There are 2 protein chains.
Amino acid sequence: MDKRTQIFEAALKLFVEFGFHGTPTSKIAQEAGVANGTLFHYFPTKDDLIIALFKDTKGKMNNYVADNSVIENSLKGILKGQYLSALYWAMDNKLEFRFIEQFKTSPYLTKIVSEEMEKHLNPLIEMLQKGVIDRIIKDLPIDLLLTIISSQIYGLNNYLVNNDFSKAKQHQIISDTFDLLWEMISLKAVE
Amino acid sequence: MDKRTQIFEAALKLFVEFGFHGTPTSKIAQEAGVANGTLFHYFPTKDDLIIALFKDTKGKMNNYVADNSVIENSLKGILKGQYLSALYWAMDNKLEFRFIEQFKTSPYLTKIVSEEMEKHLNPLIEMLQKGVIDRIIKDLPIDLLLTIISSQIYGLNNYLVNNDFSKAKQHQIISDTFDLLWEMISLKAVE
DNA sequence: AAATTTGTAGAGTGTTTAGTCAGTCTAATG
DNA sequence: CATTAGACTGACTAAACACTCTACAAATTT
């Protein structure tokens, strides 16, 4: 494993446990099994490391969701696919997800260009817009829909992490809560 | 205004802007218009200050919600009252709410006894349990219901903060999203 | 094989930090 | 008025910190 990756893994672990400023670069280097100077060879400053780690981690999550979310081609199916895969990823990458949460509520967030951070949402946004036009989804602002969806994902993840369910039970809860979510945002067919 | 309060206000402002470890105690004292030593007269360590500030802030929010949430005496009315007042408080106390969020995703959270933090939820929990028994609310674990409700509150707050709506528009969105939430968790009456 | 670039090391540096301490000020009490 | 106790001060300190620098090793290019 190359040293850059070792540094990432060590930083991730320590940041989640002690916070950004609570973790000295020397500890990161030590945990990574790397000299102090080596860390600064790869990342000019500690802030650069933090931001690079966030982009890398968020990118991995986005890629996973993009690659594992096609169940069926309906809007509901695609949305469900993204909901499930985001939560599966979060359950399998607890440290990474906690790090993302921590970063997002930290003052570091302002240092990231938000456009680049959210371009992965574009396909989803287009689908939601189409869903509104086709009267599948309630006529709400797309931003608001995204907010409702993603906050339920974040909240549910915390619920799953704080409880010790079996894999099967977890999957069932994830699926059930998606149905609740869908019920909330979709329009009932006129009968 | 007494110095303890001045220190709280200065710390709140700086923590939200620069993070916990990004804010030196000397800056807090300076911003509060107080000598360095005074800070340590009130709070033995910086950690003590952070934790005391969190308990104080969370307490204020809980009290506000408890005192301003009675609309009508039905389960739906009480829940709506809490939903509305939590969001109104968050809109009027943006710094405080951001601080709570930041604290909750930080490693400091583990330093707080969770029972004492959540006892204010007990009345709500009892009502939800009764709601389930009375077949007003879907038969879901109470923890899960709480998670869904509170994550929607947190998410919606971010949505409102990131957009610049008028007060009236804000209130309308808050009310509308409560209806969505209620639709999601309530049982339809059998017709 | 020589030259050059790139990766790695770890001791060293100047600064910043949380927390201390010795003592002053204020206001209440006897 | 004298005494006392708690609030308050800010200079001080020991430790910790982000980052630098010099040196050497390994890989890559010429």
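The model is predicted: local features need pLDDT of at least 70, side-chain atom pairs count only at pLDDT 80 or more, and totals for chains, interfaces and linings use all residues. Residues are numbered from 1 along each chain as its sequence is written, chains are lettered from A and ligands numbered from 1 in the order in which they are written, and side-chain values use heavy atoms, with hydrogens and water left out.

## DNA strand C

Start with DNA strand C. It is surrounded by 14 residues. A residue is near a strand if one of its heavy atoms lies within 4 Å of it. The closest are A:Ala35, A:Thr38, A:Tyr42, B:Thr25 and B:Lys46. Of the atoms of DNA strand C that come within 4 Å of the protein, 75% belong to sugar and phosphate.

Which helix gives the most to the surface near DNA strand C? Helix α3 (residues 36–42) of chain A does, with five residues. Helices here are DSSP runs (H or I, at least four residues), numbered from the N terminus; strands are runs of E, at least two residues. By class, the surface near DNA strand C has five nonpolar, seven polar and two charged residues. Ala, Val, Leu, Ile, Met, Phe, Trp, Tyr, Cys and Pro count as nonpolar, Asp, Glu, Lys and Arg as charged, and the others, Gly among them, as polar.

## DNA strand D

DNA strand D also has 14 residues around it. A:Thr25, A:Lys46, B:Ala35, B:Thr38 and B:Tyr42 come nearest. Sugar and phosphate make up 78% of the atoms of DNA strand D that come within 4 Å of the protein. Helix α3 (residues 36–42) of chain B gives the most to this surface, with five residues. The surface near DNA strand D divides into five nonpolar, seven polar and two charged residues.

| Residue and its atom | DNA atom | Distance |
|---|---|---|
| A:Gly37, polar backbone atom | base nitrogen, DNA strand C | 3.2 Å |
| A:Thr38, polar side-chain atom | phosphate oxygen, DNA strand C | 2.8 Å |
| A:His41, side-chain N or O atom | phosphate oxygen, DNA strand C | 3.1 Å |
| B:Lys3, polar side-chain atom | phosphate oxygen, DNA strand D | 3.4 Å |
| B:Ala35, polar backbone atom | phosphate oxygen, DNA strand D | 3.0 Å |
| B:Gly37, backbone N or O atom | base nitrogen, DNA strand D | 3.3 Å |

## Where the chains meet

Now turn to the two protein chains. Chain A brings 33 residues to the contact, and chain B brings 33 residues. Contact means heavy atoms within 4.5 Å. The size of an interface is often given as the accessible area lost when the parts come together. Here the buried area is about 2,400 Å², and carbon and sulfur atoms give 66% of it. Buried area is the accessible area (1.4 Å probe) that two parts lose on being put together, summed over both.

Two salt bridges run between chain A and chain B. A salt bridge is a side-chain nitrogen of Lys or Arg within 4 Å of a carboxyl oxygen of Asp or Glu. B:Glu183 forms one with A:Lys138, with the closest N and O atoms 2.7 Å apart. The elements that give two or more residues to the side of chain A that touches chain B are α1 (3–18), α6 (94–104), α9 and α10 (167–185) of chain A. The largest share, nine residues, comes from α9(A). This side of chain A has 14 nonpolar, twelve polar and seven charged residues.

A:Ile148 sits in helix α9 (residues 142–162) of chain A. Is A:Ile148 buried or exposed? A:Ile148 is buried, at a relative accessible area of 4%. Buried means under 20% relative accessible area, exposed over 50%, and partly exposed in between (1.4 Å probe, protein chains only). Not counting residues up to four places away in sequence, A:Ile148 touches A:Leu181, A:Met184 and B:Leu180.

## Salt bridges within a chain

Over all chains, the count is 14 salt bridges. One of them joins A:Lys80 and A:Asp179 (3.9 Å, N to O). A:Lys80 lies in helix α5 (residues 75–92) and A:Asp179 in helix α10 of chain A, so the pair ties together parts that are 99 residues apart in sequence. A:Asp179 is partly exposed, at 34%.

In chain B, B:Asp56 and B:Lys60 meet in a salt bridge (3.2 Å, N to O). Both lie in helix α4 of chain B, four residues apart, about one turn of the helix.

Notes: Polar contact = N/O pair within 3.5 Å; in protein donor to acceptor, adjacent residues only side chain to side chain.
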